[in-house]
Structure formats: C-alpha cells, structure tokens
Amino acid sequence: TTNGVGSWSTQTAPVTPYATASAPQGLSVTPGDTTATLTWSAPASDGSSPITGYFIEQSTDGGTTWTTVVADTESTATTYAVTGLTNGTAVAFRVSAINAAGAGAAASIGAVTPRTVPGPPATLAATPGDTQVVLTWTAPANDGGAPVTGYSVEQSTDGGTTWTTVVTDTGSTATTYTVTGLANGDAVSFRVAAINEAGSGATAEASASPRRPADAV
C-alpha cells in the first residue's frame, strides 16, 4: 500500500508573530541627592506583544561601558528612581522596553550629575564698622556635588528669633559681603548659606555691633 496525506485537523492554532519593542519615547532625568529619577513614555511600537517591564542601565564613563540598574522592572510604569549614586559624579542612562521577544531598542540620555545643597560656609566672621558690618567666610568644605554659584545673607536684631533677608543670592562666589544701613550700638546676628543648583544649604552664623570711632576731644 502507499502512504499518503491524511485528513486535515479540524482544530486551528492561531499564532501572532511578534518582535521586540521600539525604544521608549521622551526619556528625561531629574537629578537629586544621590538619586536620579527617570521618566519616559511607552514605545510607539510594542512589537505586537504587550510590554511587561523595562530594562535600565547606567554608565559613569560617558557610555563606554554600561552596568545593569534593573534587569526588568516587571511593571509598565514609566518612571524609575535610581538610588545609591554619588553626588558630583556624572551618570548616563538608557532604558529598553521588554516584551515576550525580550528587551528592545534603548532610549538613552546624556549624563546628569546627582547633587544636594552645599554644606555651611566655614569660619564666618563679622567685623563691625560705622553703621555696617563686613562679613567674611570661606567656601563650604562640601559643595553638595554642584558648584557654588552664590550666597544668601540674612540678619536678626532679636538674637536670632526672627530673620530678615539682606540678599537672596549674591550671584557671586566672592566670600565677603558688607551689610550697610545698620544702627550703631545695636547687636546684629548674621547667617550665610551657600547656593548651588539644588538650592540654599546650611547656614553659618556670627554676630557684631556696628560702631564708629569716638568723637575727638
């Protein structure tokens, strides 16, 4: 006898072809204190397979080498906070969507630098003069991971219970400032804080009483 083709099965098994997803869209990053928060939008194409999570990598050498932050977020959420970073060290990131075919094309973003506010200025001194006080200090030992761009100065005439702003931001890295328009003989407290892109940091304080030389006899 001769073998031949048998009857066709009455059962069908539909199959949906799929591929990896395209790159996530609109990747952005917001630096913080030893952190960076990544946000993005879902890829324009999911490769015909639902996205189930995202693959995230980081690089501290300008993209020459990459290390895995998380192999699979196992979530369709389009934001992720990367922690444990070093303030002052630039980091680049890339993100890929994951579906049944694996990780797709990556979206990348240039390096950002985690940072926090600066430490307090050091050795603040207040030198009194005629209706004025000259404040001098040295830059903070810790700039928080971002360059200091200026200083804020405040004063108090009630021993530090209330404070008024002398200057919100000197806009200069100079470490001296002359406060004028003071009343001779009245004790005044001062506090100075360094400013970087993260904001105003901890303050240093000093006090002085403005005065002028005595009149000639």
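Reply: At 22% relative accessibility, R191 counts as partly exposed, a class that lies between buried (under 20% relative accessible area) and exposed (over 50%), using a 1.4 Å probe and protein chains only. Please keep in mind that this is a predicted model, where local features need pLDDT of at least 70, side-chain atom pairs count only at pLDDT 80 or more, and totals for chains, interfaces and linings use all residues. Residues are numbered from 1 along each chain as its sequence is written, and side-chain values use heavy atoms, leaving out hydrogens and water.

R191 meets E154 in a salt bridge, 2.7 Å from N to O; the term means a side-chain nitrogen of Lys or Arg within 4 Å of a carboxyl oxygen of Asp or Glu. Because E154 sits in strand β10 (residues 150–156) and R191 in strand β13, the pair ties together parts that are 37 residues apart in sequence. Strands here are DSSP runs of E, at least two residues long, numbered from the N terminus. E154 itself is buried, at 19%.

Strand β13 covers residues 188–196 and also holds N196, which is buried at 4% relative accessibility. The N196 side chain reaches the backbone oxygen of D143 at 2.9 Å. Beyond its neighbours within four places in sequence, N196 is in contact (heavy atoms within 4.5 Å) with residues including T116, P118, G144 and V148.

In the loop between β13 and β14 (199–208) you will find E197, exposed at 56%. E197 forms a salt bridge with R115, with 3.0 Å between the closest N and O atoms.

Conventions. Helix = DSSP H or I, 4+ residues; strand = E, 2+ residues; numbered from the N terminus. Polar contact = N/O pair within 3.5 Å; in protein donor to acceptor, adjacent residues only side chain to side chain.
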